[in-house]
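Got a model open and wondering where its labels come from?

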Amino acid sequence: MATLAVTQRADLTDAQWAVLGPLLPGSRLGRPPEHAKRTLIDGIRWRVRAGAPWRDVPLAYGPWQTVYGLFRRWQRNGTWRTVLAGLQGRADAGGLITWDVSVDSTVARAHQHAAGARIRGELQAEPPGGTQAEPADHALGRSRGGLTTKVHLSCEQRQKPLSIVITAGQRGDSPQSQAVLEGIAVRRPGGGRPRTRPDRVLGDKACSSRANRAYLRRRATRCTIPEPADHASHRKNRGRAGGRPPAFDAERYKARHAVECGINRLKRNRAVATRFDKLAVRYEATVHIAAINEWLPRHL
């Protein structure tokens, strides 16, 4: 109880719970749970923010096994992803999403506890991925700095993430650009298909490939992406066959700071800035929870 005043500092307010509660799955039939769902969720959010081992979750939030069990169960059945989509749809219905979308990535160093996952997870009695398959490399890549994981994401202009893709740390940004954009799916308030196309995409030079530009043209999406010097040189060397240079608005490109700020906001959570999870699907769920915190109204 001595740490209760500290751990409650970032707990859900009543108004935030009123927004989050309806998006959660209903209670199962039978005996009522011993620990309130809101308390367990606050325990999960505490661990994401503090980056502590699950065994160190304060007892005020319930037994760590129960807190981790809820985190794991909702990761496996896709609840965290569903809740994030629900909050995005609520924000879009209120006109709070600006559909000029910026894309970028960030690298998270992997802690030594992130290593050691099973090589053949399919041999487990219960495969770890749940609704999503666990990648064979567990999204851990080797670089000069050691084991790393890369988080590719898109953010709207209010610095909140719209889609998240997890890969090994050495993976390039350009091959993942289409996967990041295809991950955008914001529910519409009246039902029907979710919105998947931004008005404009802002990316850095890493996204400037002919394949990515052709993909955006097929989707009738405008883009503001600078052309690398080597691309411009190759185009000029081809003469008239090289075509016209892609349009680029340097003033509009300044708005791409939104994704840089969005990454900084997510990395305020220590379990996002440093990967402690052995499985990629668990780390992705951790990033989703950090994103849920960003989409929850802060003025409530």
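Q: What makes D104, R256 and E260 a network?
A: In this predicted model, salt bridges link D104, R256 and E260. Take the link between D104 and R256: their closest N and O atoms are 3.3 Å apart, and the cut-off is 4 Å, so that one counts as a salt bridge.

Q: Where do D104 and R256 lie in the chain?
A: D104 is in strand β1, while R256 is in the loop between α9 (250-253) and α10 (257-266). The two are 152 residues apart, so the pair links distant parts of the chain.

Q: Are D104 and R256 buried or exposed, and how do you know?
A: Buried means under 20% relative accessible area. D104 comes in at 11% and R256 at 9%, so both count as buried.

Q: Why is the contact of D14 with R38 called a salt bridge?
A: The closest N and O atoms of D14 and R38 are 3.0 Å apart. The limit is 4 Å, so the pair qualifies. In general, side chains of opposite charge can pair when their charged atoms come close.

Q: What does the pair of D14 and R38 tie together?
A: D14 sits in helix α2 and R38 in helix α3, so the pair ties together parts that are 24 residues apart in sequence.

Q: What makes R268 and E294 a salt bridge?
A: Their side chains meet at 3.2 Å, N to O, and the cut-off is 4 Å, so they pass. R268 is in the loop between α10 and α11 (270-273) and E294 is in helix α12, 26 residues apart. E294 has a relative accessible area of 4%, so E294 is buried. A search of the whole structure finds twelve salt bridges.

Q: Why is the pair of W54 and F71 called tilted?
A: The ring centres of W54 and F71 are 4.9 Å apart, with 40 degrees between the planes. Pairing needs centres within 6.5 Å; stacked is under 30 degrees and edge-to-face is over 60, so tilted is the label left. W54 lies in the loop between α3 (37-50) and α4 (64-76), and F71 lies in helix α4, 17 residues apart.

Q: What makes Y68 and F71 a tilted pair?
A: Here the centres are 6.2 Å apart and the planes 35 degrees apart. Y68 and F71 both lie in helix α4, three residues apart, about one turn of the helix. An α-helix has 3.6 residues a turn, so residues three or four places apart point the same way.

Q: How do you know that the charged end of R195 sits over the ring of W99?
A: The charged end of R195 is 4.1 Å from the centre of the W99 ring.

Q: What makes α5 largely enclosed?
A: Eleven of its 15 residues are buried, so the rest of the structure largely encloses α5. Among the buried ones are W80, L84 and L87. The cover includes α2 (14-20), α3, α4, β4 (161-168) and α12 (280-295).

Q: Why are β3 and β4 called paired?
A: Two strands need at least two bridges, and β3 and β4 have seven, in the antiparallel sense. One example is S154, which stands opposite S163 in β4. Eight of the eight residues of β4 are buried, so β4 is largely enclosed by the rest of the structure.

Terms used: Residues are numbered from 1 along each chain as its sequence is written. This is a predicted model: local features need pLDDT of at least 70, side-chain atom pairs count only at pLDDT 80 or more; totals for chains, interfaces and linings use all residues. Side-chain values use heavy atoms; hydrogens and water are left out. Rings of Phe, Tyr and Trp (its six-membered ring) pair if their centres lie within 6.5 Å; planes under 30 degrees apart count as stacked, over 60 as edge-to-face and the rest as tilted. Helices (H or I, at least four residues) and strands (E, at least two) are DSSP runs, numbered from the N terminus. A charge sits over a ring if NZ of Lys or CZ of Arg is within 6 Å of the ring centre and within 35 degrees of the ring normal. Buried means under 20% relative accessible area, exposed over 50%, partly exposed in between (1.4 Å probe, protein chains only). Contact means heavy atoms within 4.5 Å.
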